[in-house]
Amino acid sequence: MPFLDAALAAVPAVGRLSDGDPVLIAEGCTHHRQCNDIGTVKIPRWLRAYSGADIVVETCSGREFPEKLDGYRLVVHCGGCMLNEREIQSRMRQTVSQGVPFINYGVLIALVTGILPRSIRMLNKGVPSVPFINYGVLIALVTGILPRSIRMLNKGVPTETR
């Protein structure tokens, strides 16, 4: 299953979360947590606000990623800038094969902020000629991971951009 397809297939699961449901938030890096951290503060808050459920959040970071995931109702994964494409794809396949919805930060943030339909239209019709870029694409561009990210979306964009 292509990466974007898996993330979009997980969208309905976010709205179906119930009180007490366990959600795994996985980050590929081992950065020092800061005030208002995205993985431990913002995303749990957004998930609770969007679903209206008092979910139970567990986190993992770096190379650690649980083998057994079927106890989770949802796995939310970072963009993987510190992991290679193979590792991200492996985590996605492992999660989906156990019947657990897998969504990435970008799709989740687009969902909870209400811009997911517009973002998906952009992908289906190409990038508009107006000066608009979403934060995920901008971050991928300035950090140099845009070509890999696009390959993961199976859009056939060349591996080098200039």
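Which strands does H5 lie across, and at about what angle to S4 does it run? I looked this up before anything else.

**Basis.** I am working from a predicted model, in which local features need pLDDT of at least 70, side-chain atom pairs count only at pLDDT 80 or more, and totals for chains, interfaces and linings use all residues. Residues are numbered from 1 along each chain as its sequence is written, and side-chain values use heavy atoms, with hydrogens and water left out.

**Helices on the sheet.** I find H5 lying across S1, S3 and S4, at about 80° to S4. Helices (H or I, at least four residues) and strands (E, at least two) are DSSP runs, numbered from the N terminus. Angles run from 0 to 180 degrees between N-to-C directions, with axes fitted to C-alpha atoms, for helices over the stretch in contact.

**Sheet.** I read an open sheet of four strands, ordered S2-S1-S3-S4, with parallel pairing. Two strands pair if DSSP finds at least two bridges between them. The edge strands are S2 (56-61) and S4 (102-104). S3 and S4 are joined by three bridges in the parallel sense, and Val75 stands opposite Phe102 in S4.

**Core.** I then listed the largest nonpolar core, which has 23 residues; Val23, Leu47, Leu74, Val76 and Ile103 touch the most other members. Such a core is a set of buried Ala, Val, Leu, Ile, Met, Phe, Trp, Tyr and Cys residues joined through side-chain atoms within 4.5 Å; buried means under 20% relative accessible area (1.4 Å probe, protein chains only). H5 gives the most to this core, with five residues.

Methods:
Buried < 20%, exposed > 50% of the residue type's maximum accessible area, 1.4 Å probe, protein only. Contact = heavy atoms within 4.5 Å.
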